[in-house]
Amino acid sequence: MSSGAGEHRLHSKLEEALEIKSLRRIISAYLNYSDAAEEDVKRYERSYKQLPPAHKAILSHIPFKFQRLRRSISVNSFFIMSMLQAFEPPLDMSQDIDIREKEDRDDVCNDHLSGERNFSYGLIPTTSGKTPETDQLYCGEGINMRCKSPENRTSDEGVPVVSKSVSMENTTGLNNAGRNDAMDINCEAGLCSVSDSNGNVCSVQQDWLDPSLQLQVPLADVDKVRCIIRNIVRDWAPEGQWERDQCYKPILEELDHLFPSRSKDRPPCCLVPGAGLGRLALEISCLGFISQGNEFSYYMMICSNFILNQTVFQTHATELSCFYSTEAVGEWTIYPWIHSNCNSLSDNDQLCPVSFPDIHPASVGITEGFSMCGGDFVEVYSDPSQEGAWDTIVTCFFIDTAHNIVEYIETISRLLVDGGAWINLGPLLYHFADAFGTEDEMSIELSLEDVKKVAFQYGFQLEREKFIETTYTANPRSMMQNRYSAAFWTMTKIQKPSKDSPQPT
Ligand SMILES: C[S@@+](CC[C@H](N)C(=O)[O-])C[C@H]1O[C@@H](n2cnc3c(N)ncnc32)[C@H](O)[C@@H]1O
């Protein structure tokens, strides 16, 4: 064996070990959700207990609120557990990883941490490669893989399928209505049981949920789980309709306007980098585009995978009747607003349940070729086969996630076909602007004027622009609303002059 091949194997092993470590941390964050929320409630209780009796008497209803909070936490935890049970890690999560020994060699291997493995899937987010530890706004966590250009997809990709069904044991015949009851969740030695307030128990075996593999995670990681819960409302609940109308509708209308006569035989291809929980990419697919969402965060992908693919569980409804109903719309309930006592008009607002999904993703009429692709946008689409492969690229609340926004714009330009359209909507809340991590973490923070200047340098021409007032994962009932005046534009990549045409002097 050549030393090159040996080194390559070592690098792949290192990548895999780092990815397993990162994924374990994310799964641990999900599993820690319940304990962290319980700690909050205990804190509220301690404060309440310190009140003088006269004040307590006025607020005698507050202990009941704590009970309701606990019930809501267990309903959220039940959803999280169900989602984790359905997740199929792309790697063998039970394998031993001696990450410290490997990290010692990290300095040597660092240059090669760029994801050489290749996974592909239809609606199933699958990931590979680099695992940045960076804390990003909007729950970012890194993964990396290559994606195929639209023409290179095989026919089975882009079809909403789950590769394996989740095996769940229905020990009690807990019905769907039971889902919305308070649940107790226990995980010991990989056997997870979820029980409701009536003592009904469902048990599920997942090796990689074995507590011995779980890590202690910082509270900031658990915050990302809370952020995902809010993103569910944005993308998949009726309560998110206003935000979707502000953000997604103008994009969909613009796509419709730009591609008025879409051919069913050869639909235009649309890429959605930073696709979050996948709703926009799905809507674009329904509009008659071959749509691919690209997403970087395992937090997001575990959740979007569950929501987008849950229809398969319908097929297995008899096996899985413990967990999954035959009706997908409004199937799940969460309490997204329970984690803050601030700015509530009433306790009922804070404790308000939200049901989702508002639509059944597999029955809304997607265009063949819909897929979600995991990994860092710039790396995943660096393959030469991606050049000029996309008719349109849609970025929604995405471009400010860049360390280097110029690189994003350069990549968007490279991926678009000549004459292709870039539709953007979002603010410039640069995610790394306040990064307190490593001192040399790059963050290029340009004004809108400069962003446009850079785009013009990469061959873009501005067609339309305006500002749209909107929020991002806002609680509509809160007294505090962070509003963005989001920039919305359409640019086209102007045709490169052919080699024969006269060059400007
Ligand atoms: C603010 S969220 C917007 C999500 C969605 N577009 C929406 O409007 O709800 C930005 C998303 O971009 C993802 N992201 C950040 N950096 C990324 C990268 N380099 N490649 C792919 N996705 C990335 C984040 O994980 C996050 O889901």
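Mentor: Start with contacts. Two residues are in contact if their C-beta atoms, placed from the backbone, lie within 7 Å. Keep in mind that this is a predicted model.

Trainee: Which residues does Leu69 touch, not counting those up to four places away in sequence?

Mentor: Leu69 touches Val41 and Ile338. Leu69 itself is found in helix 3, residues 62–86. Leu69 and Ala37 are 32 residues apart in sequence, yet 9.0 Å apart in space, C-alpha to C-alpha.

Trainee: Why does Leu69 count as buried?

Mentor: Burial is a neighbour count. A residue is buried if 20 or more other C-beta atoms lie within 10 Å of its own. Leu69 has 23 C-beta neighbours inside 10 Å, so Leu69 counts as buried. Ala17 has 20 such neighbours, and therefore counts as buried too. Ala17 lies in helix 1, residues 3–49. Ala17 and Asp96 are 79 residues apart in sequence and 8.7 Å apart in space, C-alpha to C-alpha.

Trainee: What percentage of the protein chain do buried residues make up?

Mentor: They make up 43% of the 505 residues. Now look at sequence separation. Take the contacts between residues at least 6 apart in sequence: 76% join residues at least 24 apart.

Trainee: How many helices and strands does the protein chain have?

Mentor: The secondary structure comes to 14 helices and 13 strands. To read a sheet, follow the strand order. Here an open sheet of seven strands has the order 9-6-5-10-11-13-12, with mixed pairing. Its edge strands are strand 9 (371–374) and strand 12 (460–470), and each pairs on one side only. On average, neighbouring strands of this sheet are turned by 20 degrees against each other, direction ignored.

Trainee: How many bridges link strand 5 and strand 6?

Mentor: Five, and the two strands pair in the parallel sense. In strand 6, Gln292 is the bridge partner of Leu271. Strand 5 (residues 269–273) also pairs with strand 10 (residues 390–396), again in the parallel sense, over two bridges. There Cys270 has Thr392 of strand 10 as its bridge partner.

Trainee: Why is strand 6 largely enclosed by the rest of the structure?

Mentor: Check burial residue by residue. Six of the six residues of strand 6 (residues 290–295) are buried, so the strand is largely enclosed. Then check the faces. Ile290, Gln292 and Asn294 are buried on one side, and Ser291, Gly293 and Glu295 on the other.

Trainee: Which strands does helix 7 lie across?

Mentor: Helix 7 (residues 241–258) lies across strand 10, strand 11 (416–426), strand 12 and strand 13 (484–493). Relative to strand 11, helix 7 runs at about 160 degrees.

Trainee: Which residues touch the most other members of the largest nonpolar core?

Mentor: Cys270, Leu280, Ile284 and Val394, out of 51 residues in that core. Leaving aside neighbours within four places in sequence, Val394 is in contact with Ile251, Cys270, Val272, Leu280, Ile284 and Ile423. A second, separate core has 50 residues, including Leu23, Leu209, Trp332 and Tyr335.

Trainee: How many residues surround the ligand, and which are the closest?

Mentor: To read a ligand site, list the shell, then sort it by class. The ligand is surrounded by 20 residues, and the closest are Gly274, Gly276, Phe296, Ser297 and Phe377. By class, the shell has 11 nonpolar, six polar and three charged residues.

Notes:
Residues numbered from 1 in each chain as written. Predicted model: local features only at pLDDT ≥ 70, side-chain atom pairs only at ≥ 80, totals over all residues. Near = placed C-beta within 6 Å. Nonpolar A, V, L, I, M, F, W, Y, C, P; charged D, E, K, R; others polar. Pairing = 2+ DSSP bridges. Helix = DSSP H or I, 4+ residues; strand = E, 2+ residues; numbered from the N terminus. Axes fitted to C-alpha atoms, helices over the stretch in contact; angles between N-to-C directions. Core = buried A, V, L, I, M, F, W, Y, C linked by C-beta atoms within 7 Å. Buried ≥ 20, exposed ≤ 12 C-beta atoms within 10 Å, placed from the backbone.
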